[in-house]
Number of protein chains: 2
Amino acid sequence: MANPPSVQLLLFDIFGTVVDWHGSIAAEMARLHPEVDGDAFALAWREGYRPAMARVMAGELGWTRIDELHRLILDDILPRFGLGGLDEASRRELNRVWHRLDPWPDSVAGLTRLKKRFTLATLSNGNIGLLTNMAKRAGLPWDCVLSAEVFRAYKPDPATYLGAAAVFDLPPEQVMLVAAHHDDLAGARACGLRTAYIERPLEFGAGHPKDVSPEPANDLHARDLLQLADLLGA
Amino acid sequence: MANPPSVQLLLFDIFGTVVDWHGSIAAEMARLHPEVDGDAFALAWREGYRPAMARVMAGELGWTRIDELHRLILDDILPRFGLGGLDEASRRELNRVWHRLDPWPDSVAGLTRLKKRFTLATLSNGNIGLLTNMAKRAGLPWDCVLSAEVFRAYKPDPATYLGAAAVFDLPPEQVMLVAAHHDDLAGARACGLRTAYIERPLEFGAGHPKDVSPEPANDLHARDLLQLADLLGA
């Protein structure tokens with residue numbers, strides 16, 4: 001299935017798939033706190049992400065946006081990196097780095113091509129404001145910003161994938177999730193969506209190359225968003 | 001207050017403010033059913049809109065999107081216009097006319113200018129899919145599509161205005177609602193938002209000119225979105 005003719009809506013995972021969170025955070029740390037190991041700092045911050053969302057989905061925390069979860073994790077890791085004395089304004093500013101992540105070099109060009117043929121929406125655990133600020137700064141041409149915040153559930157909860165299809169009155173098989181993470185794609189597939197895997201071997205930094213072997217259950221496998229546009233004839 | 005320096009986010013009412021619902025529906029009727037009075041048909045359809053939303057907000061109907069409310073009203077008025085025999089596919093297609101409304105002639109150019117200086121979001125009672133399809137067809141350059149559907153409340157419920165400000169972590173006074181309807185603007189003002197009135201004297205068609213007298217309580221009063229851009233220095 002090179003180009004399922006019925007697909008009308010492409011949903012994009014964001015962190016790692018469209019933007020380079022590791023490189024952006026490491027670069028911000030090199031600028032603000034060159035004494036800190038930016039690679040380790042970025043990984044530690046991101047490591048707290050899944051456990052924090054799990055606490056929300058388990059009901060241990062009420063509904064909490066990623067901005068707030070990022071801040072909880074940040075406060076937790078700062079002392080480990082010798083930054084326990086950072087003041088409130090600096091913490092708030094640093095936490096906003098997630099609104100300022102840089103896109104991968106192919107992202108804007110790939111999305112611009114895909115947008116001519118498909119409706120493009122984010123489907124990220126990031127909150128709406130974060131995704132909108134990021135898109136405006138980076139020039140990501142979304143038709144619509146969808147987020148866990150709209151559905152009050154985090155991926156891979158089925159409410160997110162099915163909720164996005166329902167917003168557009170589309171059956172799941174006319175919707176494709178584009179992501180660099182197999183667990184996200186598996187969640188979408190279980191709901192009947194099509195799936196496209198994007199490699200992003202350097203998502204965790206040059207020192208931690210990722211296994212990007214194809215998973216045959218995905219409909220498409222692409223190096224980047226330009227190759228995805230090729231595969232989808234856009 | 002010509003340009004409140006603190007305003008960062010502009011929220012736009014859509015039906016009547018950015019797009020010409022009356023003219024678009026009358027044109028569609030002239031094409032599909034030239035025997036029907038398109039002016040009266042458009043007005044009748046729109047007349048059912050507020051009562052339908054009121055039924056939802058009163059709890060008489062569960063949460064219902066505008067696409068579904070438009071369809072309920074359509075089914076109700078078709079017999080009055082001699083179209084009671086319209087089949088299901090034709091009703092569904094006609095109901096989608098709300099996704100295909102044409103912008104006023106100044107809308108795209110005005111929004112394009114405003115977008116350079118502000119974050120632009122819809123804040124409409126229309127549902128997300130409707131607003132996204134409309135924007136893609138008409139070239140409306142939103143940074144973010146916000147809708148009653150996100151907040152599960154219809155304007156002028158405070159949950160919509162305050163919800164939009166909260167999405168962007170902004171105090172209400174840094175948010176401005178742009179609308180052609182004084183009741184919508186009054187709702188926003190009661191929540192602490194800034195307000196800009198747009199005239200749109202022909203919203204109800206050339207045969208029913210609207211009183212567009214200034215309401216002094218609004219921060220700004222503009223003929224159209226290009227003049228709004230002038231007033232906001234964009």
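**Note on the sheets, helix packing and chain symmetry**

1. In chain B, an open sheet is built from six strands in the order β3-β2-β1-β4-β5-β6, and their pairing is parallel. Its edge strands are β3 (144–147) and β6 (220–222) of chain B, each of which pairs on one side only. On average, neighbouring strands of this sheet are turned by 25° against each other, direction ignored. Strands here are DSSP runs of E with at least two residues, helices are runs of H or I with at least four, and both are numbered from the N terminus; two strands pair if DSSP finds at least two bridges between them.

2. The model is predicted: local features need pLDDT of at least 70 and side-chain atom pairs count only at pLDDT 80 or more, while totals for chains, interfaces and linings use all residues; side-chain values use heavy atoms, without hydrogens and water. Residues are numbered from 1 along each chain as its sequence is written, with chains lettered from A and ligands numbered from 1 in the order of writing.

3. Within the chain B sheet, β4 (residues 175–179) and β5 (residues 194–198) pair in the parallel sense over four bridges. Which residue of β5(B) is the bridge partner of Ala179(B)? The partner is Tyr197(B).

4. Chain A likewise holds an open sheet of six strands with parallel pairing, in the order β3-β2-β1-β4-β5-β6. Here β3 (144–147) and β6 (220–222) of chain A are the edge strands, each pairing on one side only. The twist from one strand to the next averages 25°. Strands β1 (residues 9–12) and β4 (residues 175–179) of chain A run parallel and are joined by four bridges. Leu11(A) stands opposite Leu177(A) in β4(A).

5. Helix α9 (residues 158–167) of chain A lies across β1, β2 (119–124), β3 and β4 of that chain. Relative to β2(A), the helix runs at about 155° (axes are lines fitted to C-alpha atoms, for helices over the stretch in contact, and angles between N-to-C directions run from 0 to 180 degrees).

6. Helices α1 (residues 21–32) and α2 (residues 38–47) of chain A cross at roughly 125°, and their axes come within 8 Å. They are therefore oblique to each other (under 35 degrees is roughly parallel, over 145 roughly antiparallel, 65 to 115 roughly perpendicular, and the rest oblique). Among the residues that meet are Trp21(A), Ile25(A) and Met29(A) of α1(A), with Phe41(A), Leu43(A) and Trp45(A) of α2(A) (contact means heavy atoms within 4.5 Å). The residues of this contact divide into eight nonpolar, two polar and two charged.

7. Helices α4 (residues 66–77) and α5 (residues 88–95) of chain A pack at about 125°, with their axes 10 Å apart. These two helices are therefore oblique as well. The contact is made by Asp67(A), His70(A), Arg71(A), Leu74(A) and Asp75(A) of α4(A), together with Glu88(A), Arg91(A), Arg92(A), Leu94(A) and Asn95(A) of α5(A). By class, the contact holds two nonpolar, two polar and six charged residues.

8. How are the two chains related? Chain A superposes on chain B by a rotation of 180° with 0.0 Å of shift along the axis, at an RMSD of 0.0 Å (least squares on C-alpha atoms of residues with pLDDT of at least 70 in both). This is the relation of a two-fold axis. Of the residues of chain A, Val150(A) comes closest to the rotation axis, its C-alpha being at 2.8 Å. The copies meet through the same surface, because 100% of the interface residues of chain A are also interface residues in chain B.

Notes:
Nonpolar A, V, L, I, M, F, W, Y, C, P; charged D, E, K, R; others polar.
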